[in-house]
Amino acid sequence: MSDHFIQSGPIDTAVLRARLTDPGTGAVVIFEGVVRDNHEGRSVTGLDYEAHATLAELQWQRLRGDAIERFELQSVAGAHRAGSLPVGGLAVWIGVSAAHRQAAFEGCAWLIDRVKQEIPIWKRERYSEGAARWHHEVVRKATIPY
């Protein structure tokens with residue numbers, strides 16, 4: 001498995017989970033985002049993800065560091081798929097470890113929210129009737145670190 005946040009193949013959750021192990025850990029919280037079969041009343045058959053890989057990696061490292069500092073996390077690991085995924089496919093995996101559960105829960109929730117808002121990843125929903133729709137909401141908040 002690659003150490004990159006953006007993954008072109010399946011996400012190896014066992015490798016990511018192992019990155020959260022620490023003797024001082026009292027809590028591990030993991031978020032797994034999977035492709036669901038519906039959105040806004042439409043039947044979804046799958047998703048396609050595209051990312052600006054270089055910028056996404058920079059943004060992930062910044063967010064990872066911010067989460068560690070803000071919530072006093074011990075470890076953070078994550079990955080997001082690029083490419084086509086079927087219904088039920090694992091699209092994003094975020095895991096955090098901390099000494100206490102509240103920090104882990106809050107840190108994980110904050111981090112997945114920031115990933116969805118700030119990392120340049122676009123998704124295209126494919127519908128059962130043959131239509132498709134791109135979602136571009138992330139672009140407006142992506143920033144280039146200098």
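**Exercise 1. In which hand of crossing does α2 pass α3? Describe how the two helices pack.**

Solution. This is a predicted model, in which local features need pLDDT of at least 70, side-chain atom pairs count only at pLDDT 80 or more, and totals for chains, interfaces and linings use all residues. Residues are numbered from 1 along each chain as its sequence is written, and side-chain values use heavy atoms, with hydrogens and water left out.

Step 1. Locate the helices. Helices (H or I, at least four residues) and strands (E, at least two) are DSSP runs, numbered from the N terminus. Helix α2 covers residues 53-71 and helix α3 covers residues 101-118.

Step 2. Take the geometry. Axes are lines fitted to C-alpha atoms, for helices over the stretch in contact, and angles run from 0 to 180 degrees between N-to-C directions. The angle between α2 and α3 is about 155 degrees, and their axes are 10 Å apart. Therefore α2 is roughly antiparallel to α3; angles under 35 degrees count as roughly parallel, over 145 as roughly antiparallel, 65 to 115 as roughly perpendicular and the rest as oblique.

Step 3. The crossing of α2 and α3 is right-handed. A crossing is left-handed if the near helix is turned anticlockwise from the far one by less than a right angle, and right-handed if clockwise.

**Exercise 2. What is the strand order of the open sheet of four strands, and where do α2 and α3 lie?**

Solution. Step 1. The order is β1-β5-β7-β2, with mixed pairing. Two strands pair if DSSP finds at least two bridges between them.

Step 1. β1 (6-7) and β2 (27-34) are the edge strands, each pairing on one side only.

Step 2. Strands β5 (residues 73-81) and β7 (residues 90-98) are paired in the antiparallel sense over seven bridges. A77 has G95 in β7 as its bridge partner.

Step 3. α2 lies across β1, β5 and β7, at about 155 degrees to β5. α3 lies across β2, β5 and β7, at about 145 degrees to β7.

**Exercise 3. Which strands pair with β8?**

Solution. Step 1. Strand β4 (residues 42-51) pairs with β8 (residues 121-127) in the antiparallel sense over seven bridges. In β8, R124 is the bridge partner of D48.

Step 1. β9 (residues 132-135) also pairs with β8 in the antiparallel sense, over four bridges. Here R126 has A132 in β9 as its bridge partner.

Step 2. The hairpin of β8 and β9 has four residues between the strands, and G130 takes a positive phi near 100 degrees.

Notes:
Contact means heavy atoms within 4.5 Å.
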